[in-house]
Amino acid sequence: MDEIRLSGEKTLVLASGRAHPELAAEIAEELGTELLPMSAYDFANGELYVRSSESVRGKDIFLLQSHPAPLNNWLMEQLIMVDSMKRASAKRITVVSPFYPYARQDKKGRGREPISARLVADLYKAAGADRIMSVDLHTAQIQGFFDGPVDHLFAVPLLAEHIRSRVTEDEITVVSPDTGRVRVAEQWAERLGGAPLAFVHKTRDVTQPNKAASKQVVGHVEGRTCVLIDDMIDTGGTISGAVKVLKDAGAKDVIIAATHAVLSEPASERLANCGAREIVVTNTLPIPEEKRFEALTVLSIAPILARAIKEVFTDGSVTSLFDGHA
């Protein structure tokens with residue numbers, strides 16, 4: 001297997017779970033290496049088995065796993081892979097989880113609720129991970145849940161560059177789907193030449209998952225091309241509702257931009273019929289053909305992940321990849 005060596009001392013090895021082989025192959029190509037050969041299969045009762053086909057002793061392992069449905073299976077596979085690498089005497093293990101599992105459960109909204117995002121960080125640590133790399137965490141505070149370095153990567157430069165190729169900056173208003181993502185919207189506005197901001201006021205029933213109602217838009221959107229931003233699209237209800245609110249408020253056009261395309265049913269149908277001109281996402285999660293539709297554009301996150309992996313391996317600066325915005 002081709003390997004990347006640094007000064008004859010360190011060896012970078014990229015390993016991947018089975019959830020998103022296409023992304024793993026793209027990252028390997030960007031790095032100019034090959035994926036570590038792995039043996040992985042399921043027992044009849046659902047137990048998972050993984051084993052590296054080559055020695056990883058003393059090597060710097062970057063262990064990639066995406067987390068689409070069924071998320072719990074892929075998380076467990078990743079934990080078992082980390083454990084196997086640790087027991088095989090890997091020098092350092094970096095968990096690469098582009099879409100961090102359970103990221104929405106990052107605080108207690110009501111009594112007796114779990115903080116599952118913290119539990120996932122504890123599981124990674126207990127399994128043997130030394131470092132975590134992820135893209136556009138649901139909230140930045142998740143970085144503090146892991147007792148070790150966390151590389152928080154951003155898809156904003158990739159998404160914003162695509163949108164700049166579609167629309168002139170003086171037409172754009174950046175819209176947050178709720179008040180909680182206004183800080184991210186400010187970063188977007190900066191990337192898009194100081195575009196004005198707006199946000200959609202919505203209410204949510206905390207007792208019902210995936211249920212939110214968009215109410216009204218705060219900010220000037222009439223006659224503007226609205227770039228509606230979010231970190232993830234799950235069932236598509238909130239973002240589709242926000243498109244309607246913006247159109248009703250006189251928006252000329254709406255482009256949706258989100259990092260993680262979870263696309264649980266009936267998201268694809270909702271998005272295809274919501275009236276948005278384009279829905280731009282990345283491939284942090286696999287998007288099967290049956291969930292794709294004409295207005296959907298999928299950008300590859302592989303170059304960003306590959307550059308970050310290279311910076312970590314060479315003891316460089318991950319922050320520099322985002323012009324100081326990390």
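The stops below cover a pocket, a helix and some salt bridges.

This is a predicted model, where local features need pLDDT of at least 70, side-chain atom pairs count only at pLDDT 80 or more, and totals for chains, interfaces and linings use all residues. Residues are numbered from 1 along each chain as its sequence is written, and side-chain values use heavy atoms, with hydrogens and water left out.

**Helix H8.** Select 302–313. The 12 residues should span 16 Å at 1.5 Å a residue, and the end C-alpha atoms agree, being 16 Å apart (the expected span is 1.5 Å times one less than the number of residues; helices are DSSP runs of H or I, at least four residues, and strands are runs of E, at least two, numbered from the N terminus). Colour by burial (buried is under 20% relative accessible area, exposed over 50%, partly exposed in between, with a 1.4 Å probe and protein chains only): Ile304, Leu305 and Phe313 are among the buried residues of H8.

**Just past H8.** Go to Asp315, which has a positive phi of about 60°. Asp315 also pairs with Lys10 in a salt bridge, closest N and O 3.7 Å apart (the rule: a side-chain nitrogen of Lys or Arg within 4 Å of a carboxyl oxygen of Asp or Glu). Lys10 sits in strand E2, 305 residues away from Asp315. Lys10 is buried at 14%, while Asp315 is exposed at 60%.

**Helix H3.** Now pick Arg118 and Asp122, bridged at 3.0 Å, N to O. Both lie in H3, four residues apart, about one turn of the helix.
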